Structures are given as C-alpha cells and as structure tokens.
Amino acid sequence: MDLASEPEPKVQLTEPVHRMLARLVRGGAALGWVEAPSRDEVTALLGDVVSAVRCGDAALRVAYLGGRLVGFGYWLRYGRPTHRPHADLERLAVDSAAHGRGIGRALTTALLTDAREAGIEVLTLDARGDNTPALRLYQSLGFTEYGRLPDFVAVGEHRYDKVFCMLDFRRGG
Ligand SMILES: CC(C)(COP(=O)(O)OP(=O)(O)OC[C@H]1O[C@@H](n2cnc3c(N)ncnc32)[C@H](O)[C@@H]1OP(=O)(O)O)[C@@H](O)C(=O)NCCC(=O)NCCS
C-alpha cells in the first residue's frame with residue numbers, strides 16, 4: 001500500500017474519489033450523505049480541501065493499492081477564530097473491497113502525525129453511533145468520546161446517535 005501525503009492535482013483525484021464515495025454511500029456507509037454525492041459535489045469538496053492544504057489549514061492522505069486509489073481522509077482546521085488551534089477529521093473512507101487490511105488505520109495514523117506536526121492541539125471527529133468499525137479504530141488510536149446526540153442522524157425513517165470524539169495532543173494524545 002502507498003500513502004500519498006501531497007494531494008495529486010485535483011482533476012486526477014476527483015474521479016476515483018467520487019467513484020469510491022458513491023459506492024460506499026450506495027452500500028449504506030455513514031459518511032454524511034443519504035444519496036451518493038454528485039461528481040460536482042466531490043469536485044467542490046476536494047477543491048476546498050486542496051486549497052486548505054496549500055495554506056497549512058488541512059492535511060489530505062490518499063491510499064493506493066496496486067496503483068488504484070482505495071482510501072482517503074483529511075482533517076481541516078476550524079475556521080472560527082477562537083477554534084483555530086484545532087481541527088476536525090472528516091470523511092475517512094476506504095473502498096469496501098479493501099476493508100480490513102489496515103488501510104483505514106494507516107490513513108488515520110498518518111493524519112494524526114500530520115496534525116501533530118502542524119501543531120494542532122485538539123483533533124475532533126464525529127461518527128454515527130452504529131459505525132462500530134470506525135469507532136473501534138478511533139478508540140484504538142486514542143480518541144475518546146466527549147458527547148453524543150441521541151437519535152440525531154436521519155437516514156430516511158431511521159435515526160442514529162451522533163458520537164463526538166476527540167484526541168487532545170496537549171495531554172499526550
Ligand atoms: C471505518 C473504515 C475507514 C475502516 O477502514 P479499514 O481499512 O477497513 O480498517 P482497518 O483494516 O485499518 O482496521 C482498523 C481497525 O478498525 C476496526 N475495524 C475494522 N473493521 C472492523 C469491523 N468490521 N468490526 C469491528 N471493528 C473493525 C478495528 O479496530 C481495526 O483494528 P484491528 O485490525 O487492529 O482489529 C472503513 O470501514 C470505511 O471506509 N467505512 C465506510 C466509511 C466510514 O464509515 N468512514 C468513517 C466515518 S466516521
């Protein structure tokens with residue numbers, strides 16, 4: 001597996017990331033979308049992340065297996081002036097055909113290293129309450145739950161908890 005830290009030109013990233021996210025969401029992945037995101041939506045998302053990476057406000061990691069994009073994730077520094085030392089880890093995603101092979105762990109570990117090196121103080125994330133694979137992964141890397149909104153995430157008629165987690169690098173995280 002190769003882990004790229006520098007974002008590729010976004011035009012090359014968009015297509016494989018869009019395909020992977022659309023497949024995951026169609027399969028029910030808890031990534032914040034109910035319907036698969038459109039190509040334009042993914043283009044705009046990656047554009048925002050790549051711009052933020054260029055000014056030191058984000059890190060993006062992409063995983064390749066045999067030259068094929070199989071995972072990605074990023075963190076973004078908070079925009080609110082009083083929250084600027086902190087960042088939010090978002091949209092960690094591994095292609096379902098490649099689950100369980102250590103790619104999610106490698107991506108998250110690399111993003112934590114990037115956050116430490118960037119001087120991020122607290123890294124936050126949120127996950128859907130039934131997303132056991134993701135929550136186990138985050139807990140194993142030191143994230144702790146600091147709050148929960150019961151039955152907050154709406155997918156059709158279903159409701160799931162929204163779980164908030166944090167890793168505080170100032171306290172040895
Ligand atoms: C969550 C996700 C990124 C994990 O990626 P992955 O490459 O399959 O995970 P890894 O193989 O690196 O496993 C890392 C850890 O995750 C946990 N995990 C992974 N799959 C699991 C499963 N089916 N059940 C329980 N825990 C699981 C384990 O703690 C595992 O550690 P271990 O291998 O030491 O037991 C992946 O399942 C995914 O893309 N899911 C859909 C999108 C998503 O939910 N993203 C997170 C949004 S918050």
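Are Arg61 and Asp114 buried or exposed? Both residues are buried, where buried means under 20% relative accessible area, exposed over 50%, and partly exposed in between (1.4 Å probe, protein chains only). This is a predicted model, in which local features need pLDDT of at least 70, side-chain atom pairs count only at pLDDT 80 or more, and totals for chains, interfaces and linings use all residues. Residues are numbered from 1 along each chain as its sequence is written, and side-chain values use heavy atoms, with hydrogens and water left out.

Helices (H or I, at least four residues) and strands (E, at least two) are DSSP runs, numbered from the N terminus. Strand 2 covers residues 58-65, and seven of its eight residues are buried. Two strands pair if DSSP finds at least two bridges between them. Strand 2 pairs with strand 1 (residues 2-4) in the antiparallel sense over three bridges, and Ala4 stands opposite Val62 there. Strand 2 also pairs with strand 3 (residues 68-77), again antiparallel, over eight bridges; in this pairing Ala58 faces Leu76. The hairpin of strand 2 and strand 3 has two residues between the strands, and Gly66 takes a positive phi near 55 degrees in it.

Charged side chains join several parts of the chain. A salt bridge is a side-chain nitrogen of Lys or Arg within 4 Å of a carboxyl oxygen of Asp or Glu, and the structure holds 13 of them. One of these is formed by Arg61 and Asp114, at 2.8 Å from N to O. Arg84 and Asp57 form another, with their closest N and O atoms 3.1 Å apart. Here Arg84 sits in the loop between strand 3 and strand 4 (87-94), and Asp57 in the loop between helix 2 (39-54) and strand 2, 27 residues apart. Arg84 is partly exposed at 32% relative accessibility, whereas Asp57 is buried at 18%. Asp168 and Arg170 meet at 3.0 Å, N to O. Asp168 counts as buried because its relative accessibility is 10%. Glu121, Asp168, Arg170 and Arg171 are linked in a network of salt bridges.

Aromatic rings come next. Rings of Phe, Tyr and Trp (its six-membered ring) pair if their centres lie within 6.5 Å; planes under 30 degrees apart count as stacked, over 60 as edge-to-face and the rest as tilted. The count is three aromatic pairs. Among them, Tyr138 and Phe143 are edge-to-face, at 5.8 Å centre to centre and 65 degrees between the planes. Tyr138 is buried at 8% relative accessible area, and Phe143 is buried at 2%. The rings of Tyr146 and Phe164 have centres 5.8 Å apart and planes at 45 degrees, so this pair is tilted. Tyr146 lies in strand 6 (residues 144-155) and Phe164 in strand 7 (residues 158-168), so the pair ties together parts 18 residues apart in sequence.

Two arginines also meet rings. A charge sits over a ring if NZ of Lys or CZ of Arg is within 6 Å of the ring centre and within 35 degrees of the ring normal. The charged end of Arg91 is over the ring of Trp33, 4.0 Å from its centre, and that of Arg128 is over the ring of Tyr160, 4.1 Å from its centre.
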